[in-house]
Amino acid sequence: MSGLSATGDGIARTLLPLAAAAAPHAEMLVGVVQTAARLPWLVASLPAGRAADGRGPSVVLAVGLALKLGGLLLIATAALTSTWGLLVPAALAAATGEVLFETATQVSVVHDFTESDRPRTNSALQATQVSLGQFVGPTVAGLFWQWNALVSLASALSAQIGAGAARRRWEARRPPVGSRSSAAGPRSGWGAGLRALWSSDALRATTVIGTVSMLAYGLWSVCFVLHVTGPAGLGASSAVFGLLVGCPAIGALLGSRVFPPLLPRLSALAGLLAMIVGQLGLFVPAALGAPAVIVACGLVIYGLGLAGWSAGVLAFRQSVVPSEVYGQATGAYRFVSWGASPLGAALGGVLVARAGTSVGMLVGVALVALQIPLVPWARSLRSYRGGRA
């Protein structure tokens, strides 16, 4: 279910900037569309977490899938009619659906898996979502965009519809779990999730680091498409762009095999450090004007860092945040961290329009460097090696 939905997400996320880059005033439209595609993480994350705790993950998953389908239909309408302004509401709808779906998925992990299983489950889930959402989906989108954009959109719609069918079958077959949230879930205030995230030095530090990293990622999302496809950068085709965007999936797949067995020896702190170092792979090769092969290697390193974060830091948070407010804590984390992504995208649009993609990439390197002084505040991650912290 998650894999099919991630494939559709990957196609949509790739088509949005490619379509915007083909429109008049591409630099500004790419920035606006990428900002709109990240704004729901700021607006919808807290309500999504509260709904997942109160109504149950399955309801939130269904609503998320419906919004994703609506966003894809708007992209199709924009492509058919050349009404490029429709890309903005399309990005908002698709991204809001992704927020709901991803938040509910994380709550399901807490409710349906034991603490000792969560590092491996998080890594496997991350690998599935990244491999399909950031490799298969973007590759399909990049190849089909050159041939026929509507074929690519049809494949995305099919993936989301298939995910809906898989969700219904899974709901019918899964055994009851006593700790799962129900409609009579917690009635705690909106600040419960934020208070949970601020309850220890390690949670505070990783939340701030995650926020800065998503600010950097939002900036990269605008700079990268223009760097790859623009004449001042690689000047490559949309197919090459799709393949490059999929390279983090290779690293995530490798990391999902490497990090969980090493967690008892290295601790969650190693996962945090891997994520910070991995972000340099997003920016340094492009900033130096490296060829596509080196850029691809950097993106693989970034994927390895993502796997380290999922196996270590995410599992640590799941072990220390009470399960009855974990949905709200997830929503609060994504409100704070992923909510910084549209700000990064807006910054990227301004930087590219005024100074070019190389300057944008250098600013991204500076944002990665800002995360390093925060690592000592997360030193208690050294005590988490799987199970309960």
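Colleague: Why does D201 count as partly exposed?

Modeller: This is a predicted model, and the values are computed from it. D201 has a relative accessibility of 39%. Buried requires under 20% and exposed over 50%, so D201 falls in between and counts as partly exposed.

Colleague: What makes R204 partly exposed?

Modeller: The relative accessible area of R204 is 24%. As that value also lies between the limits of 20% and 50%, R204 is therefore partly exposed.

Colleague: How do you know that D201 forms a salt bridge with R204?

Modeller: The closest N and O atoms of D201 and R204 are 2.2 Å apart. The rule asks for a side-chain nitrogen of Lys or Arg within 4 Å of a carboxyl oxygen of Asp or Glu, so the pair qualifies. By this rule the count comes to one salt bridge. D201 and R204 are three residues apart in helix α9, which means a separation of about one helical turn.

Colleague: Why are α9 and α10 called oblique to each other?

Modeller: Helix α9 (residues 201–229) and helix α10 (residues 238–245) pack at an angle of about 135 degrees, with their axes 9 Å apart. Roughly perpendicular covers 65 to 115 degrees, and roughly antiparallel begins over 145; α9 and α10 are therefore oblique. Their crossing is right-handed.

Colleague: Which residues of α9 and α10 meet?

Modeller: From α9, F224, V225, V228 and T229 meet F241, L244 and V245 of α10. By class, this contact has six nonpolar residues, one polar residue and no charged residues.

Terms used. Residues are numbered from 1 along each chain as its sequence is written. This is a predicted model: local features need pLDDT of at least 70, side-chain atom pairs count only at pLDDT 80 or more; totals for chains, interfaces and linings use all residues. Side-chain values use heavy atoms; hydrogens and water are left out. Axes are lines fitted to C-alpha atoms, for helices over the stretch in contact, and angles run from 0 to 180 degrees between N-to-C directions. Helices (H or I, at least four residues) and strands (E, at least two) are DSSP runs, numbered from the N terminus. Angles under 35 degrees count as roughly parallel, over 145 as roughly antiparallel, 65 to 115 as roughly perpendicular and the rest as oblique. A crossing is left-handed if the near helix is turned anticlockwise from the far one by less than a right angle, and right-handed if clockwise. Contact means heavy atoms within 4.5 Å. Ala, Val, Leu, Ile, Met, Phe, Trp, Tyr, Cys and Pro count as nonpolar, Asp, Glu, Lys and Arg as charged, and the others, Gly among them, as polar. Buried means under 20% relative accessible area, exposed over 50%, partly exposed in between (1.4 Å probe, protein chains only).
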